[in-house]
Amino acid sequence: MKELKVQPIKDGTVIDHITPGNALKVLKILGIKEGANSVISIAMNVAGKRGRKDIVKIENRELDSKEVDKIALIAPDATINIIRDYEVVEKHRVSIPDEIVGIVRCPNPNCITNSREPIKSKFVVVSRKPLKIRCYYCGREPDMEKIESMIE
Ligand SMILES: Nc1ncnc2c1ncn2[C@@H]1O[C@H](COP(=O)(O)OP(=O)(O)OP(=O)(O)O)[C@@H](O)[C@H]1O
Ligand SMILES: [Mg+2]
Ligand SMILES: [Zn+2]
């Protein structure tokens with residue numbers, strides 16, 4: 001039986017296996033808010049083969065690599081499924097690079113990346129499960145519970 005709980009989309013993107021509860025953060029990262037005019041479906045806390053998950057389906061939208069890297073920070077097990085003519089034509093697992101550059105604003109107001117200097121934010125990955133990152137410049141380790149509010 002096909003696992004389609006909502007109306008299928010013809011072309012677009014399905015972000016599947018999102019950490020349960022984080023679908024709205026994914027929408028925020030993608031800049032989707034009220035007034036959006038494409039078809040968007042959200043499922044939260046649905047049963048998947050490996051436990052609960054959230055799913056976001058967006059019609060007529062493909063994601064760029066920076067958006068995918070942002071999603072990885074809050075949904076490290078997500079898959080990005082490209083839908084064309086109702087079929088999954090590509091499936092990618094998101095991945096967290098060893099260095100996260102230009103994606104997370106350092107929460108330390110005194111960090112050089114928050115000064116007038118033209119220096120891009122840079123975090124190194126301290127641990128992957130659970131995800132912990134550390135600012136390359138000031139050593140601050142952001143609270144990962146609030147990471148979506150630090151995404152640039
Ligand atoms: N045309 C479509 N419209 C909307 N959602 C779709 C469409 N086709 C597939 N999906 C959804 O995209 C996701 C991936 O589909 P796929 O058929 O690859 O499922 P799967 O084999 O269970 O994949 P996985 O192993 O990654 O869980 C599923 O959540 C599925 O419901
Ligand atoms: Mg599945
Ligand atoms: Zn810093």
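The dialogue below goes from overall layout to local details.

User: Where do I start, and how far is the model trusted by its predictor?

Analyst: Start with confidence, since this is a predicted model. The chain has a mean pLDDT of 93, and 97% of its residues reach 70 or more. Then look element by element. S2 has the lowest mean pLDDT among the elements, at 93. Strand S4 (residues 79-84) has the highest, at 98.

User: How many helices and strands does the chain have, and in what pattern do they come?

Analyst: Count two helices and eight strands. Along the sequence they follow β-α-β-β-α-β-β-β-β-β. For overall dimensions, the C-alpha atoms fill a box of roughly 50 × 30 × 25 Å along the principal axes. The chain has 152 residues, and 38% of them count as buried.

User: How do I read a sheet?

Analyst: The general idea comes first. Strands of a sheet pair through backbone hydrogen bonds, and the pairing is either parallel or antiparallel. So read the strand order, then the direction of each pair. Here, five strands form an open sheet in the order S2-S3-S1-S4-S5, and the pairing is antiparallel.

User: Which strands stand at the edges of that sheet?

Analyst: Strand S2 (40-48) and strand S5 (87-93) do. Each has a single partner strand, so one side of each lacks a neighbour in the sheet. From one strand to the next, the twist averages 20 degrees.

User: Can you take me through one pair in detail?

Analyst: Take strand S1 (residues 12-18) and strand S3 (residues 51-59). They run antiparallel and are joined by five bridges. Within this pair, Ile15 has Val56 in S3 as its bridge partner.

User: What pairs do S6, S7 and S8 make?

Analyst: S6 and S7 run antiparallel, with three bridges between them. In that pairing Ile100 stands opposite Phe123 in S7. S7 and S8 also run antiparallel, with five bridges. There, Val124 stands opposite Arg134 in S8.

User: How do I read a nonpolar core?

Analyst: In soluble globular proteins, nonpolar side chains tend to be buried together. The largest nonpolar core here has 34 residues. Those with the most contacts inside it are Ile15, Val26, Leu30, Val56, Ile71, Ile100 and Val104.

User: Which residues coordinate the zinc ion (ligand 3)?

Analyst: For a metal site, list the donor atoms first, then the geometry. Zinc ion (ligand 3) is coordinated by the SG atoms of Cys106, Cys111, Cys135 and Cys138, at 2.3 to 2.4 Å. The angles among these four donor atoms are 101 to 114 degrees, and the site is tetrahedral. Along the chain, the donors follow the spacing C-x4-C-x23-C-x2-C.

User: What does the pair Cys111 and Cys138 tie together?

Analyst: Cys111 lies in the loop between strand S6 (99-101) and strand S7 (122-128). Cys138 lies in the segment after strand S8 (131-135). The pair therefore ties together parts that are 27 residues apart in sequence.

User: Which residues have a positive phi without being a glycine?

Analyst: Asn45 and Asn60 are two such residues, each with a phi of about 55 degrees. Now place each one. Asn45 sits in strand S2 and is partly exposed, with a relative accessible area of 37%. Asn60 is in the loop between S3 and H2 and counts as exposed, at 58% relative accessibility.

How values were computed
Residues are numbered from 1 along each chain as its sequence is written. Chains are lettered from A and ligands numbered from 1 in the order in which they are written. This is a predicted model: local features need pLDDT of at least 70, side-chain atom pairs count only at pLDDT 80 or more; totals for chains, interfaces and linings use all residues. Side-chain values use heavy atoms; hydrogens and water are left out. Donors are N, O and S atoms within 2.8 Å of the metal (3.2 Å for Na, K and Ca); water is not among the atoms, so sites may look incomplete. Four donors count as tetrahedral if all angles lie between 85 and 135 degrees; four count as square planar and six as octahedral if opposite donors are over 155 degrees apart and all others between 65 and 115; anything else is irregular. Helices (H or I, at least four residues) and strands (E, at least two) are DSSP runs, numbered from the N terminus. Two strands pair if DSSP finds at least two bridges between them. Axes are lines fitted to C-alpha atoms, for helices over the stretch in contact, and angles run from 0 to 180 degrees between N-to-C directions. pLDDT is the predictor's confidence in each residue, from 0 to 100. A nonpolar core is a set of buried Ala, Val, Leu, Ile, Met, Phe, Trp, Tyr and Cys residues joined through side-chain atoms within 4.5 Å. Buried means under 20% relative accessible area, exposed over 50%, partly exposed in between (1.4 Å probe, protein chains only).
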